[in-house]
Amino acid sequence: MTDAIYAREVGDTGERVVFLHGLFGQGRNFTQAAKALQPELRSLLVDLPNHGHSAWTDSVDYVDVADQVAAFLSERWASGGRTHVVGHSMGGKVAMVLALRHPDLVDRLVVVDIAPAPSDGAGEFEHLLDSLASLDLDTLARRGDADEQLRERIDNDTVRGFLLQNLRSIPPSEGGGFRWMANLALLRRDLPVIGGFPEIDGTFDRPVLWLAGERSDYVGDDDAEHMRTLFPRTRLVTVKGAGHWVHSEKPDAFASALRTFLLA
């Protein structure tokens, strides 16, 4: 069953932290990081709308998504007070909008390899979305068939494997076959919105850790002034050797940075 917002808890002791994934991701992408933060921190791994087990919507809008997440947290995870929030890429933009619009819900904020500004890379994501949409799911007998069909268009094994996490096998009792968990058509249509960032008045005055991958170009020198205008207490840390997927490329450094910052 698909919920409006689906989330899974990891750990049952310590301070609370919410993880928000990027485009094509799911909350489970942060399972390793969440386990590494135990027992001092317990984590909530969120599937954002149009991804994973969460509901699909008619459009993509960062304000709407942030408000949905805020309502979900207010009812459950943050009902007793503020929670830490960690967001990567698209999820980092959701996290920033959440902190700006609902500062009463957020204690410390971690923004991973993204800035409050339009992002480059639309061409790459168009290619990936078009490649996934090109698969004829009715012809797949097994998951490996999808991997083989995508190999020519997406030759990076790691990227292809990550994307195929969105392919769900349907039990025979429900008709069998495969379907996409991510709303590919909508994400492709609204890719310009996903790459943008909304105009929001106000600031978030609590501590913010801004993690950037050394080999990534999603955080530029020109972004620092705008980031600190919205988030005056920002500390920028560059993770050596990491690209855009900081948490998967450098998991130990990522978990160490989170632990140091969130438990300070």
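This is a predicted model: local features need pLDDT of at least 70, side-chain atom pairs count only at pLDDT 80 or more; totals for chains, interfaces and linings use all residues.
1. Let's start with the overall tally: the structure holds 13 salt bridges. Side chains of opposite charge can pair when their charged atoms come close.

2. One of these pairs is Arg259 with Glu40, where the closest N and O atoms are 2.6 Å apart. Arg259 is partly exposed at 26% relative accessible area, and Glu40 is partly exposed at 35%.

3. Asp67 and Arg101 also form a salt bridge, at 2.9 Å from N to O. Here helix α2 (residues 62-75) supplies Asp67 and helix α3 (residues 90-101) supplies Arg101, and the two residues are 34 apart. Both ends are partly exposed: Asp67 has a relative accessible area of 24%, and Arg101 has 39%.

4. Arg160 sits in helix α6 (residues 157-163) and Asp147 in helix α5, so the pair ties together parts 13 residues apart in sequence. The relative accessibility of Arg160 is 2%, so this residue counts as buried. Shared partners join Asp147, Arg151, Asp157 and Arg160 into one salt-bridge network.

5. Staying with helix α5 (residues 143-150), its residues Asp145, Ala146 and Leu150 are buried. They lie on the same side of α5 because they cover an arc of only 125° around the axis.

6. Finally, the surface carries a patch of positive charge formed by Arg8, Arg28, Lys35 and Arg143. Arg8 belongs to strand β1 (residues 6-10) and is partly exposed, at 33% relative accessibility.

Conventions: Residues are numbered from 1 along each chain as its sequence is written. Side-chain values use heavy atoms; hydrogens and water are left out. Buried means under 20% relative accessible area, exposed over 50%, partly exposed in between (1.4 Å probe, protein chains only). Helices (H or I, at least four residues) and strands (E, at least two) are DSSP runs, numbered from the N terminus. The arc is that of the directions from the helix axis to the C-beta atoms. Patches are made of residues with over 30% relative accessible area and no salt bridge: like charges are joined within 9 Å, nonpolar side chains (Val, Leu, Ile, Met, Phe, Trp, Tyr) within 5 Å. Accessible areas come from the Shrake-Rupley method with a 1.4 Å probe; for residues, only the protein chains shown count as cover. A salt bridge is a side-chain nitrogen of Lys or Arg within 4 Å of a carboxyl oxygen of Asp or Glu. Lys and Arg count as positive and Asp and Glu as negative; His and the chain ends are not counted. The place of a charge is taken as NZ of Lys, CZ of Arg, CG of Asp or CD of Glu.
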